[in-house]
Amino acid sequence: MAKEETPGISKDLQELQRKMSLLIDSVQNNSKVVAFMKSPVGQYLDRHPFVALTLLVFVVVSAVPVGFFLLLVVLTSLAAFVGVMLLEGLVISVGGLSLFCVLCGLGFVSLAMSGAIIVCYVAVSSFISHWCSPRPLTRNSSGDCQLATKSAGLERLYQE
């Protein structure tokens, strides 16, 4: 039964990969994206992926508090039309201060999340490259099997 499902899963994965590559191509060929990537900010973010990831995580995480703040502003503005001007100023000031505190906290959280994502990426990619690379077994003089080094360049470094 598992052997019958394998070709279907493979076709589904190939179809998903094709759709993802088309989506990535359409985003990369978008004129606004090309214009942004030619700007100094786009070039800086291209050279500093950790900053780009931190900025992306910060924007995604801070969208909800900013939305709630804007909703609060609209509702208090409606209340001001009814005649509660003093209350509006107080509520917007307190809300603005609260938003500032929340965004500062989210900035630190997004920095920590970006660091954790980078560490996980490096660890997983190192793990995968270590375990998935084919290396033949060799026997040393004591009869133990050891993995051969990947390249002759590493052997030369150890000899020097």
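What follows is a short exchange about the fold, the confidence and a few side chains.

Me: Where does the model come from, and what gets counted?

Reply: This is a predicted model, in which local features need pLDDT of at least 70, side-chain atom pairs count only at pLDDT 80 or more, and totals for chains, interfaces and linings use all residues. Residues are numbered from 1 along each chain as its sequence is written, and side-chain values use heavy atoms, with hydrogens and water left out.

Me: What does the protein average in pLDDT?

Reply: The average is 81, and 76% of the residues score at least 70. pLDDT is the predictor's confidence in each residue, from 0 to 100.

Me: Which element has the lowest mean pLDDT, and which the highest?

Reply: Strand β2 (residues 145-147) has the lowest, at 51, and helix α3 (residues 40-47) the highest, at 91. Where pLDDT is low, the predicted coordinates should not be read in detail.

Me: OK, the fold. How many helices and strands?

Reply: There are six helices and two strands, in the order α-α-α-α-α-β-β-α along the sequence. Both kinds of element are DSSP runs numbered from the N terminus: helices are H or I with at least four residues, strands E with at least two.

Me: How much of it is buried?

Reply: Of the 160 residues, 11% count as buried. Buried means under 20% relative accessible area, exposed over 50%, and partly exposed in between (1.4 Å probe, protein chains only).

Me: Switching to charges. How many salt bridges?

Reply: The count comes to one, taking a side-chain nitrogen of Lys or Arg within 4 Å of a carboxyl oxygen of Asp or Glu. Arg18 and Glu15 form it, at 2.5 Å from N to O.

Me: Where do Arg18 and Glu15 sit relative to each other?

Reply: They are three residues apart in helix α1 (residues 2-28), so about one helical turn separates them. Arg18 is partly exposed at 42% relative accessibility, and Glu15 is partly exposed at 32%.

Me: Now Thr76. Buried or exposed?

Reply: Thr76 is buried, with a relative accessible area of 12%. Thr76 lies in helix α4, and its side chain reaches the backbone oxygen of Val73 at 3.0 Å.

Me: What is Thr76 in contact with, leaving aside neighbours within four places in sequence?

Reply: Glu88, Val91 and Ile92. Contact means heavy atoms within 4.5 Å.

Me: And Thr54, what does its side chain join?

Reply: A polar contact of 3.2 Å joins it to the side chain of Ser114. A polar contact is a pair of N or O atoms within 3.5 Å; within protein, one must be able to donate a hydrogen and the other to accept it, and residues adjacent in sequence count only if both atoms are side-chain atoms. Thr54 is also in helix α4 and is buried, at 14%.

Me: What about Ser129? Which backbone oxygen is 3.0 Å from its side chain?

Reply: That of Ser126. Ser129 is in helix α5 (residues 85-131) and is partly exposed, at 39%.
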